[in-house]
Amino acid sequence: MQADILFIFTPGGEDINHFFYHIGSGYIISFLRQNGYYADQFIHNDFINLENCVRKILAHNARVIGFTVYQSNFITSILIAEQLKKTSPVTIIAFGGPTATIYSEYILEQYQFVDVCFRNESEETF
């Protein structure tokens, strides 16, 4: 099944080897599902290199890939997002979370592969 939107909470900081479920994304996923969209969260619990990570994410065939971005996982999110956009230019890359809220203009200016930054709460924006 093709996901309309796939959410990713990339590893960062001290815990760099697991893609965890993020409760904020969970709220948005629930809201989207209630409104007829197929949304899911990418979870991966094993070590994975960038190429395989991108391949597994793109296997979901999501039209939009949303990242929850904190300072601790910013670089990991940027690396994955850049490769996703290179591999699938039509996929919309969205950043949300605290870092995207505070630094949205900087992110959009410096990282052309990020299509949109969601600031503050994102349920209704999505």
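At the start of helix H2, Asn-49 brings a side-chain oxygen to within 3.3 Å of the backbone nitrogen of Glu-51. Please keep in mind that this is a predicted model.

**Helix H2 (residues 50-58)**

- Cys-53, Val-54, Ile-57 and Leu-58 are the buried residues to look for in H2.
- Viewed down the helix axis, the buried residues of H2 lie within an arc of 125 degrees, so they line one face of the helix.
- An α-helix has 3.6 residues a turn, so residues three or four places apart point the same way.
- Turn to the other side of H2 and you will find Glu-51 and Arg-55, which are exposed.

**Strand S4 (residues 92-96) and its neighbours**

- S4 is mostly covered, with 4 of its 5 residues buried.
- Strand S3 (residues 64-68) runs parallel to S4, and 5 bridges join the two.
- Within this pairing, Gly-96 of S4 has Thr-68 opposite.
- To get from S3 to S4, the chain passes through helix H3 (residues 74-87), making a right-handed β-α-β crossover.
- S4 is also joined to strand S5 (residues 116-117) by 2 bridges, and these strands run parallel.
- Here Phe-95 has Cys-117 in S5 as its bridge partner.

Definitions and conventions: Residues numbered from 1 in each chain as written. Predicted model: local features only at pLDDT ≥ 70, side-chain atom pairs only at ≥ 80, totals over all residues. Heavy atoms only, no water. Buried < 20%, exposed > 50% of the residue type's maximum accessible area, 1.4 Å probe, protein only. Pairing = 2+ DSSP bridges. Right-handed = clockwise from strand over helix to strand, strands pointing away. Arc of directions from axis to C-beta. Polar contact = N/O pair within 3.5 Å; in protein donor to acceptor, adjacent residues only side chain to side chain.
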